[in-house]
Amino acid sequence: MQQPTSLPRRRLLAGSAGALAAAGLASFQSQAMAQAAAPAAKPLPGYAGFKNADAVIVHSSTTIETKRSAFGAGVVTPTSQLYVRNNLRTPPEAIVADRDAWAVQIDGVKKPRQLSVRELKTMGLETVTMVLQCSGNGRAFFPSKPSGTQWTVGAAGCVVWSGVPVREVVKALGGVADGMVYMTGTGGEVLPAGLDPKSVLVERSVPLSAMEDALLAWEMNGEPVPLAHGGPLRLIVPGYTGVNNIKYIKQLAFTVKESEAHIMSHGYRISPPGSKGDPSQPSVQEMSVKSWINSPIPEDGNQASGLVQIQGVAFGGMNAVKGVEVSIDGGKSWKQARLVGPDMGKYAWRQFVLPAQLPKGTYQLASRATDVKGNVQPETRGENQSGYNNTSWADHAVTVTVA
C-alpha cells in the first residue's frame, strides 16, 4: 500500500503551457500544477504551539499525528512530536496556572473525598513508561476508509509518566467499596451548552483490575503534563488505548456499572461493518501486540544499495514483547530481528533492528512481533465500522526502492 508523504511547499516559477510543451516538459507541468493545487499544511493550534511543526501532521484543531519519519531511533517519544487526539475542545490555560490546586473527586471508596494535586503528591510516587496509542491508529489502511481521522502509524508514542499509583490513593481512603466492578474516570473539559451532558462527556470505565498499574499523573517525560496532553492531572491506564487515559481528570469513581456516557455506551465499540455502536459490542480497551518499521521508508526517497539497518518499534499492549521478525519480501520469508535499547518495562515499546544487504530493486518491508505469552501480530486487520485496533502487519508494511 502506498504510504502518505509530506511534500514541501514550493513556488513555481512561471513558464507558459505552450513553452513547457515545446520544451518537452508537459509531464513536469502536470506534476507542478498538482503540487501547486495541494493544500498547504495546516498550522498548529494555539494550545499545541510548542509542537515541532516539521515532525507532525495537523489533521484538525484536535488531531495531530507524528510523522512516521520523525520517530527516530530512540525509545521515548519527545513531547514536542507526540500525537494529540482530543474529543472536546481543550480547556482554558487557566487550569494549569496553579497545577497543585487542581482537585479530583474520589468516589466508590470507603472514605470518599476530594484531593488536590498537592495532596496527591504526598501519597506516593511511581513512574511508568508506556505506549499511548489512539484506538484509530492505522485507520487509514482500512480499504473501507471509515470515517474519522485517517491515522497511519503516528497516533502513538512511548511516554514516561510520573504520579501517584491509584492503588495507593484507594488504600489511603479505606479501600474500594464493596461490590464495585469498574474504575470510571471523568474528564474536566468544558461541555458545550445546550446538550445532554452524557452525549458529550468524556467518561470511560475499565475493569477494576486496571487499578493496580494505573496512575494519577502530573508529570510527562520529566516535565509537568502539558495542557495539550491532559495537564494538570491525567489518569494513566497502562496497556489501554488512549481514550481510556482520561485527560483533566475531575472524578475517579469505582462503580457497579459502566458509565452511561455516550463515549462509553456507544462510542469506541468494535462494531461490525455497516452497523452502529451499542453496549453489547466489545469496547476499545486493552491493546494487543503490534509493530511497524520506521526506517527505511518511502518518504526517505530511494535507498542506496548495500547494507541497510531496518529498524522500527514493537509493543505488546498488556504484555512485554518477546521478539520481532522482519521480512523484506512481503511476508514470504522472515528473519529474527534484534531488540535494542533499554527495556523500559512491559508497557513500553521496544526498538528492533535487522541488518540486511539490499541490492538494487524494490522491497516490501514488514515486521511481525510476538509477546511473552505467545501472541503473534496478525497478518490481517479485524474489520470493523470505525477502523479501530488495526494491528495487521501487512497493512503496516512499506515498499522501498533501492537504487
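User: Which residues lie nearest the centre of the largest cavity, and how many line it?

Analyst: The lining comprises 19 residues, and Arg 85, Asn 87, Arg 234, Gly 242 and Lys 247 are those nearest the centre. This is a predicted model, in which local features need pLDDT of at least 70, side-chain atom pairs count only at pLDDT 80 or more, and totals for chains, interfaces and linings use all residues. Residues are numbered from 1 along each chain as its sequence is written, and side-chain values use heavy atoms, with hydrogens and water left out.

User: What makes this space a cavity?

Analyst: On a 1 Å grid over the protein atoms alone, a cavity is a set of points where a 1.4 Å probe fits but cannot get out; a pocket is an open set with protein on both sides within 12 Å along at least five of seven lines, and lining residues have an atom within 4 Å of a point. The whole structure holds 2 cavities of 30 Å³ or more.

User: How is the lining of the largest cavity divided by class?

Analyst: There are 10 nonpolar, 5 polar and 4 charged residues. Ala, Val, Leu, Ile, Met, Phe, Trp, Tyr, Cys and Pro count as nonpolar, Asp, Glu, Lys and Arg as charged, and the others, Gly among them, as polar.

User: Why is the second largest pocket said to lie between the domains?

Analyst: Domain 1 (46-266) and domain 2 (290-402) both contribute to its lining, so the pocket lies between them; the bounds come from an automatic or database domain assignment. The pocket has a volume of about 490 Å³. Its lining numbers 28 residues, with Arg 85, Gly 267, Tyr 268, Ser 386 and Tyr 388 nearest the centre.

User: Arg 85 also has a bridge partner; which residue is it?

Analyst: Arg 85, in β3, is the bridge partner of Thr 63.

User: How do you know that β2 and β3 pair?

Analyst: Two strands pair if DSSP finds at least two bridges between them. Strand β2 (residues 63-66) and β3 are joined by 2 bridges and run antiparallel, and therefore they meet that requirement. Strands are DSSP runs (E, at least two residues), numbered from the N terminus.

User: Why are β1 and β3 edge strands?

Analyst: The open sheet has 3 strands in the order β1-β2-β3, paired antiparallel. β1 (56-60) and β3 (84-85) each have a single partner strand, so one side of each lacks a neighbour in the sheet.

How values were computed
Helices (H or I, at least four residues) and strands (E, at least two) are DSSP runs, numbered from the N terminus. Grid points are joined across faces, edges and corners, and a volume is the space filled by probe spheres set on the points.
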